[in-house]
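Grab a pencil and work through these exercises with the viewer open. Try each task yourself before you read the solution.

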Amino acid sequence: MIHSLSSTDPRFKTLNFRHGLNILVADQHEHATDADTRNGVGKSSFVSLLHFLLGGNAGKSSIFMGEALVESAFTLDIDIGETRRSVTRSGTKPGAFLVSRDPSEPSDQLIEDDDPTDTLKAVDWQALLRKDWFGLDGTEGPSSRSLLSYFARRVEDGGFQDPFKHNYQQIPSDYQVAISFLLDLDWRIAESWDDVRKREKNVRSLSTALKDGRLGAFATGTVAKLRTEVTLAENRVLALRTNIEGFRVVDAFAELEREANDLSTAIRQHADDNAIDMALIDQLKLTYEAETPPSTDDLTAMYAAAGVQLGDLVRRRFDEVAEFHESIIQNRARHLQEEVSRAEQRIRDRSAEQQSLDSRRADLLRVLHSGGALSELTGLQEELATAQAKVEEFRSSYRIADEIASGKAGVKRARQSLFVELQEDQRERDAQLRELIGQFEGFSSRLYGERVGSLEIGSSENGPTFNIAIEAGKSKGISNMQVFCFDMLVSEICAGRGIGPRFLVHDSHIFDGVDERQIGRGLALADEVATLHGFQYIVTMNSDDMPETLPDGFSIEDHVMDVRLTDSVEDGGLFGFRF
């Protein structure tokens, strides 16, 4: 419950609150024209001031950090649990909350003094409110700022656009948990969905990075493909490591290698020369066989056939020629035989030298094969380093791909498991859900006398669902009053559970577009519910929006606060001056 709101600035209009319904009215002065406005008298600033004092952010755009208000300190006198305490905050020291001590608890100060306050940081003040108002401690569960925003919605945040959201940008993981907590449902199931969403987001990020190649040049492919790449790369590293471990550096390796190459060249040259000589021998033997001298009998027979008789002189001359020719043939044969012998000797000499060269080359190759040059070892080591880096990249890609595959499957299983768990929980809470639906329907019927919106609570694979089904064509005013009914439902439930701040605050925007009769019924309903369940309903209103048609037995003037804001010159607003 809020008792009072004050400031160190004497111009500020101190507000004192009572139990039940409190109406902060903004009057229009009698000489006002249609061009005048009461938007600056402080109706919405009152809500902002509550958030400022209850741990809200105070950025550069905050009115309390502006030149007009930065020197002013504001104090909220409020019940926290069973203790009445105060909190003070200013724009000059926005990070410090001066909180009056709970006399039932020991002071946090190390040295006792006469100062009755403790200075808390924002996070500590929020934690205190979260624990004392909502019974929440630790990191699990909704934050105090999120929960409090349902009890003091801000129009600039879109607080009246959706009953289940207090902010345009509120994400499912926040409002599902908060609404489940406020309606006394199992908020832990809703919170578990946030873990699934985070896992899913991580899987999507990894998958995108893998496809884009941001995880390495080799970080592509399926798990099966990458498993094969890892195996082959590891085998390559093992082979290189084995070669290096058995590697022996041979002194003068380059000289020995050059000698072995020269020997191979010489051996090949000898083989080529032997082939040439062997071909020569074959040619010489063919020539020797082809040069057999012709027979004289053949010549004599030829002449006889011609009818010529050869004389003794001719015969004698012919025999001399034949004998001469025979000597030439013999000399030629002897020469050819000598050529063959020389070629054969060259072949034998080369073959012997070839054997000697081959033996030397074999010795050299054994030495060379037993090790290598230092540069070769360095090259192997560099190649090993490159191969190891490639292995690590493949392994990383494989792990990521496997994590993505298993992550997708895990997210799907977790989402389905939570869906089943939520369905079972809602089946077990069927009576409780029916009661919530009935309570909301009762509030809505009190305002309109007919069914214009119904609360729906369900389940999906994305968490619990909350909806208010409104017939098509209904006005913005009806939508706003559904927010009103839902907030009343939340306040009643929390009051019955003994949790919450025991106040509900709406500024005048809650009644935008609402018919006068519904405004009157809404105020009467708020007074009744708040009084019955022991909490405050604080609402700001323009005087010309005050309904004249009211339910029987309800007097609106009984609930108008003593301080009335006005759009009169300079000092009519909440802060006592225009800025």
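Helices (H or I, at least four residues) and strands (E, at least two) are DSSP runs, numbered from the N terminus. This is a predicted model, where local features need pLDDT of at least 70, side-chain atom pairs count only at pLDDT 80 or more, and totals for chains, interfaces and linings use all residues. Residues are numbered from 1 along each chain as its sequence is written, and side-chain values use heavy atoms, with hydrogens and water left out.

**Exercise 1.** Find the partner of β10 and work out which way the two strands run.

*Solution.* Step one: go to β10, residues 503–506. Step two: look for its bridges; four of them link β10 to β11 (residues 536–542), and the two run parallel. Step three: pick out one pair, such as histidine 506, which sits opposite valine 539 in β11.
Step four: check both faces of β10. Phe503 and Val505 lie on one side, Leu504 and His506 on the other, and all are buried (under 20% relative accessible area, with exposed over 50% and partly exposed in between, using a 1.4 Å probe and protein chains only). Here's the general idea: in a regular strand the side chains alternate between the two faces of the sheet.

**Exercise 2.** Describe how β4 is packed and paired.

*Solution.* Next, one partner: β1 (residues 2–7) pairs with β4 in the antiparallel sense over five bridges, and serine 4 stands opposite aspartate 77. Then the other: eight bridges join β4 to β5, again antiparallel, and isoleucine 80 has threonine 83 as its bridge partner. Finally, the turn: β4 and β5 make a hairpin with two residues between them, and glycine 81 there has a positive phi of about 70 degrees.

**Exercise 3.** Follow β5 onward to β6.

*Solution.* Two bridges join β5 (residues 83–90) to β6 (residues 97–100), running antiparallel. To spot one, find valine 87, whose bridge partner in β6 is valine 99.

Key. Two strands pair if DSSP finds at least two bridges between them.
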